[in-house]
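I opened the notebook to look up a few local features of this chain. The entries below follow the order in which I went through them.

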Amino acid sequence: MDLLRAYSDDQNPNSPASSSSSPESSPPRLLPPKSAAPQVDDTMLALTVAKNRSAMTRPIDPTQHLVDFNPTYDQLWAPIYGPSHPYAKDGLAQGMRNHKLGFVEDAAIEPFIFDEQYNTFQNYGYAADPSASAGYNYVGDLTALQKNDAVSVYNIPQHEQKKRKIEKRKENEEDGDEAEMVDPEEVANPASEAWLMKNRKSPWAGKKEGPPVELTEEQKKYAEEYAKKKGEEKGAGDKGEAVVEKTTFHGKEERDYQGRSWIAQPKDAKASNDHCYIPKRLVHTWSGHTKGVNAIRFFPNSGHLILSAGLDTKCKIWDVSNTGKCMRTYMGHSKAVRDICFSNDGSKFLSAGYDKNIKYWDTETGQVISTFSTGKVPYVVKLNPDDDKQNVLLAGMSDKKIVQWDMNEGKITQEYDQHLGAVNTITFVDNNRRFVTSSDDKSLRVWEFGIPVVIKYISEPHMHSMPSISLHPNSNWLAAQSMDNQILIYSTREKFQLNKKKRFAGHVVAGYACQVNFSPDGRFVFSGDGEGRCWFWDWKSCKVFRTLKCHEGVCIGAAWHPLEQSKVATCGWDGLIKYWD
């Protein structure tokens, strides 16, 4: 060691050891311990352990189909996480979206379990918490929970079951003892208390039929006359062709998780049509009718559904705002459907068919509430727009009459009989106090509602038949589709004068009842034509603004969305309904 130190001192003269060569003057030196075991690289082992630990804590990718480890319950039912998408406003990628507001998870619960917990809560005041991962969490009255030992209505304790059985046995024994004590003659006598006890029934039970009583000759004669009279009345009232009404629901479910009906108006629907624009492109096509479509109507106020009347005898209602699919089909006519009309709230609608029937439908369930017929073909049906007169139905018939029904009583309350040809249109004006009708006799007639006397008769030698009339949004003007390929404008004031300065032309509609309409802000007039085009005119200048080639064949109907500012639906005899934006 001394030699080593001396060697070190020779090499490094500046070292502290050079000043003294004694062993006491140098500091103690510790040598590192040496191991005989071979060196092992444990990097991969550490990475594997870390991967397993992170796998147990990281969320599962909802799009992957294979999981290479055993996830926990909390991992499987954890909400979906992930980085926010750079181009999606709510952070969800397009593939993960199944609703316009984002991603909606379906929650499944067995009907029996739901009924059990619902009835338990109604009876005892507590129920199992469905959102808890463990099944021991409860909501509601915890005092009643401890008192009843967390029992449900379907799990009656054993002692309670025994108690009920004993009580039932006692009741049966008492009834048997009473029956032995009662005299059989009293039981047979309907005036006795014993007969009442034996034959006691719920007050809602049907009447018990007694033995058939022989009718006298006078009664038989009266019954025959009455039956004959009723048969005549029935035959007179039911001249339309009888058809079995059917309906088919095509949606996913009729009520959502909150119990809202499929026809419920969306809460977020707001009007943005204070300034309307002409549509430019096709955004959707509804195809489902096997023949042409005669008329389309948007759902009142919201326009989230659209109803169509087909030449294939069916009415269909389509979703506009979400899925764009057919929601329900109404089958109740044996011939083509001519006209349809919604009630003010959209919960019901009328359909008029060439089978001479007018049917009043429930929009939600598809049930026919009532059927009306006079034995003639109805060409137009209208409900009185007043909220307190929604039970009043007006129908223009092929026998020159306008018939008014009270749908609550099912009776004809008025007939307006002045026209000389089939009635084509009915349009309410002047705060629904009057209505204007047009007919094949090439005239317009104005009526006071409820009074069958014409207050204004418009007929000129140059006039043609007007199969469609629409009211301007400001209620001051009527647009009438004339069969000489022009749209005429009439005032709705006292004189109902023709406005000679406004005339919309260019389209070809001769021979077709193409419907004319206005945009919600009143700036545009639009109509289909016989060549499949939809024409848009500017209301002020009366110039053609734009034409769209919409259908092969006739474009018979067009309607502007009540809330959207540039959405228009058209229908044609090619069986399609098209949605333009």
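I took a salt bridge to be a side-chain nitrogen of Lys or Arg within 4 Å of a carboxyl oxygen of Asp or Glu. The model is a predicted one, in which local features need pLDDT of at least 70, side-chain atom pairs count only at pLDDT 80 or more, and totals for chains, interfaces and linings use all residues. Residues are numbered from 1 along each chain as its sequence is written, and side-chain values use heavy atoms, with hydrogens and water left out.

**Entry: salt bridges**

I found 14 salt bridges in the structure. I looked up glutamate 245 and lysine 359, whose side chains meet in a salt bridge at 2.8 Å, N to O. Glutamate 245 sits in the loop between α9 (217-237) and β3 (246-249) and lysine 359 in strand β11 (residues 358-362), so this pair ties together parts that are 114 residues apart in sequence. For the element names I used DSSP runs, numbered from the N terminus: helices are H or I of at least four residues, strands are E of at least two.

Lysine 359 is buried, at 2%, and glutamate 245 is partly exposed, at 36%.

I then noted a salt bridge between lysine 389 and aspartate 386, with the closest N and O atoms 3.6 Å apart. Lysine 389 is partly exposed, with a relative accessible area of 28%.

Another salt bridge joins the side chains of aspartate 529 and arginine 533, at 3.8 Å from N to O. Here aspartate 529 is buried, with a relative accessible area of 0%, while arginine 533 is partly exposed, at 26%.

I also recorded a network of salt bridges that links Asp430, Arg433, Arg434 and Glu448.

**Entry: threonine 547**

Arginine 533 came up again when I turned to threonine 547. I counted a contact when heavy atoms lie within 4.5 Å. Not counting residues up to four places away in sequence, threonine 547 touches Arg533, Cys534 and Trp535. Threonine 547 belongs to strand β28 (residues 544-549) and is partly exposed, with a relative accessible area of 34%. Its C-alpha atom is 9.0 Å from that of tryptophan 537, which is 10 residues apart from threonine 547 along the chain.

I placed valine 568 in strand β30. At 1% relative accessibility, valine 568 is buried. What does valine 568 touch, not counting residues up to four places away in sequence? I listed Pro279, Phe526, Phe536, Ala559, Trp560, Lys578, Tyr579 and Trp580. Between valine 568 and tyrosine 579, 11 residues apart in sequence, the C-alpha to C-alpha distance is 5.8 Å.

Aspartate 574 lies in the loop between β30 (568-572) and β31 (576-580). I noted that aspartate 574 is partly exposed, at 27% relative accessibility. Leaving aside neighbours within four places in sequence, I found aspartate 574 in contact with His551 and Glu552. I also checked valine 293, which is 281 residues apart from aspartate 574 along the chain: their C-alpha atoms are separated by 7.4 Å.

**Entry: surface patches**

I built patches from residues with over 30% relative accessible area and no salt bridge, joining like charges within 9 Å and nonpolar side chains (Val, Leu, Ile, Met, Phe, Trp, Tyr) within 5 Å. Accessible areas come from the Shrake-Rupley method with a 1.4 Å probe, and for residues only the protein chains shown count as cover.

Ile109, Phe112, Ile113, Phe114, Tyr118 and Tyr154 make a nonpolar surface patch of about 630 Å². I looked up tyrosine 118 and found it in helix α4 (residues 111-124), partly exposed at a relative accessible area of 47%.

**Entry: whole chain**

The secondary structure comes to 9 helices and 31 strands. Of the 581 residues of the chain, 36% count as buried. The chain exposes about 36,700 Å², of which carbon and sulfur atoms supply 52%. Among contacts between residues at least 6 apart in sequence, 45% join residues at least 24 apart.

Definitions and conventions
Buried means under 20% relative accessible area, exposed over 50%, partly exposed in between (1.4 Å probe, protein chains only).
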